[in-house]
Amino acid sequence: MPKAKITDEEALAFHLDPTPGKWEINATVPMTTQRDLSLAYSPGVAVPCEAIAANPETAYDYTNKGNLVAVISNGTAVLGLGNLGALGSKPVMEGKSVLFKRFADVNSIDIELDTEDPDKFIEAVKLMGPTFGGINLEDIKAPECFIIEQKLKEEMDIPVFHDDQHGTAVICAAGLINALHISGKKIEDVRIVLNGAGAAGIACIELLKRMGARHENCVVCDTKGVIYQGRTEGMNQWKSAHAITTELRTLEEAMDGADVFLGVSVKGAVTQDMVAKMADNPVIFAMANPDPEITPEEAHEVRVDAIVATGRSDYPNQVNNVLGFPYLFRGALDIHARAINDEMKIACAHALAALAREDVPDEVALAYGKSLTFGRDYIIPTPFDPRLIHRIPPAVAKAGMDTGAARRPIIDVEAYEIGLKGRMDPTASILRGLNARARSAQSRMIFAEGDDPRVLRAAVNYQRSGFGKALVVGRVEDVKSKLESAGMGDAVRELEIVNAANTTHLSTYKQFLYKRLQRKGFDRHDVHRMAARDRHVFSALMLAHGHGDGLVTGATRKSAHVLDQINHVFDADQNQGSAGVTALLHKGRIVLIGDTLVHEWPDENDLANIAEHAAGVARHMGLEPRVAFVSFSTFGYPVSERAEKMHLAPAVLDKRGVNFEYEGEMTVDVALNAAAQEAYPFQRLTGPANILIVPARHSASISVKLMQEMGGATVVGPILSGVPKPVQICSTTSTANDILNMAVLAACNIG
């Protein structure tokens, strides 16, 4: 499977559009009326101010302090880029902030301090303490990072955590617990070699020693070789703490007979000869980024019994900090912790290790396109395992409470875990699962409208994201010109540009089309004109003949016109039972609405068909369907002829014996609100509906566009269902990303 490619232009565009940067601030309270403003600011704000002044602990109740982390850096060690300075580090820190939000629903602000003076840095962070519930230090070079973190821990009463040190250490420890479990070894017995005595390396070895590794069994190496008792060259107090009495002087000597190798150094630092001399069932954590000290392929060539982990996502066993820091802070914030101590980090490591030993949910396997079971190639959970949010923070919180780090202990742990589950946005895992399936499918995707820059950008992104081959219908010179105007001129060599003039299949297409249309008033001239000049028809003919695996169109013409043109090639109208289903993604919820494309005024049988199509789409997206037939009435009141068919449609499904939940007719609030449903104890839905079947296409269109414009919902669709081949029709207002999403749906054959 091809790896995703990211160009400089794409990276810059991602950070520029739709607004510069990666996050913004939204109010959580009403700010509409004068009374709202008076409560939010003066005079109402004086009341919580006085309460906090009298009892500082109430800041966690009346402000956002309890769910707010600062990501702070001076940019002296940015990723693998070195000292870029404070301003140069800002995109990284913004990225760290959105990871906090995405994975653990922790609000975060990035702060870049323009100083390399540790004392000034410490003073600045210390003075900001009242604002935040925790401090995440990031990308600060060693040894200053040790000085800064230690001093801030001593002087601040909130968690201070340098993720480059401890984040790597926690995930490394989790993986090592399971690697030793598989190899049948104990941490107190194994000989460990660490290469790289910087921030991450020192933190890794210190945490492992806290977990039982013996000092004399741990050999630490840096660019000068082994750190031994009496060495003076290139030493500092943090390295000296790990010096041992030994005759070993080089990494190669240290690796002879070693059980474990931990690398936080540079590409190629470890040779196959070194690996060959390690003990039985060696554990190799080659964590240098972007390229490991030795690749898994190289290690396994000489040692098939090796358990290998890296820092890369394209190899098994990724040591990824995102498995740690969001959940460590989530647990720490939820107990109003004074610190994140070693016991909390160790609890995090053990919880991660335990999770990897359990059966992996189907949704995770679906997202990664392969089965994952505990073993040599799966010793660390994947970052998108939905169980992380409700398994790791409780373990961290318990350790914090047991060690006296909690200001406000959690009393009802079960309720806490339920609350954590509710924090996660299910739409993110659904979209990731679809992307993974698309990458696995490697579909040749036909983009019908190659004269539109949005479509071209989507086609390029489809191919560079590793989803498959993009086939663009258009004229070569026109496509080239538009790509160059969009700053993507290099992409013209990557795309396959197809048109009636350069295909060898036009005659076959015309024969097929004439056979379909000759008794519908179309002569050969009409057929030639459509096949050779109409890109929608031409693209549909390509798909019908297997010259592509999916089709995306509709960005430049109204969907009704596009559907008419596609109908010349496929049976995609209401008489054939087709339907359009649109997905609305909003505030962590996903709701499907049908029919948004095909049926103008469906009867009860059509509505039942639409419901079945929508249920199929929902299941393809990883949802268990709950269908509501919605109207302005609920279970017969008020009585209306217009609502009658919505009342009859469930009865049609009763006769069909379908295998999903459905109910109606009902108003939208009853369909979507569990509290409102309680007023109707006889109704059959077990929770809020995730599929709304509406009375007509106009009501579907109004609902979708209103949610999009007023509610800020993300719209995916309409998804065309019931057509023999994957065809997806975009709207004319689609962005390049919307078109790409539709291509992903077509690649997954949803519909």
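A: Buried means a relative accessible area under 20%, exposed means over 50%, and partly exposed is in between (1.4 Å probe, protein chains only). The model is predicted: local features need pLDDT of at least 70, side-chain atom pairs count only at pLDDT 80 or more, and totals for chains, interfaces and linings use all residues. Residues are numbered from 1 along each chain as its sequence is written, and side-chain values use heavy atoms, without hydrogens and water.

Q: Why is Asp490 called partly exposed?
A: Its relative accessible area is 27%.

Q: What makes Arg464 and Asp490 a salt bridge?
A: A salt bridge needs a side-chain nitrogen of Lys or Arg within 4 Å of a carboxyl oxygen of Asp or Glu. Here N to O is 3.1 Å, so the pair qualifies. Arg464 sits in helix 21 (residues 453–464), and Asp490 in the loop between helix 22 (476–485) and strand 13 (496–498), so the bridge ties together parts 26 residues apart in sequence. Arg464 has a relative accessible area of 2% and is therefore buried.

Q: Are Asp163 and Lys96 buried or exposed?
A: Asp163 is buried, at 2% relative accessible area. Lys96 is at 6% and counts as buried too.

Q: What links Asp110 and Lys90?
A: A salt bridge joins their side chains, at 2.7 Å from N to O. The pair connects distant parts of the chain: Asp110 is in strand 2 (residues 107–112) and Lys90 in helix 6 (residues 90–104), 20 residues apart. Asp110 has a relative accessible area of 7%, so it is buried. Lys90 has 28%, so it is partly exposed.

Q: How many salt bridges does this rule give?
A: The count is 42. Some link up in a network, formed by Glu57, Asp61, Asp157, Arg407 and Arg408.

Q: How does the span of helix 9 compare with the expected one?
A: The expected span is 1.5 Å times one less than the number of residues. Helix 9 (residues 163–183) has 21 residues and reaches 29 Å from its first C-alpha to its last, close to the expected 30 Å. Of its 21 residues, 18 are buried, leaving helix 9 mostly covered. Gly184 follows, with a positive phi near 70°.

Q: What describes the packing of helix 16 and helix 18?
A: Two packed helices are described by the angle between their axes and the distance between the axes. Axes are lines fitted to C-alpha atoms over the stretch in contact, and angles run from 0 to 180 degrees between N-to-C directions. Helix 16 (residues 342–356) and helix 18 (residues 388–402) pack at about 150°, with axes 8 Å apart.

Q: Which residues of helix 16 and helix 18 meet?
A: Contact means heavy atoms within 4.5 Å. Among the residues that meet are Ala347 and Leu352 in helix 16, and Ile392 and Val396 in helix 18.

Technical notes:
Helix = DSSP H or I, 4+ residues; strand = E, 2+ residues; numbered from the N terminus.
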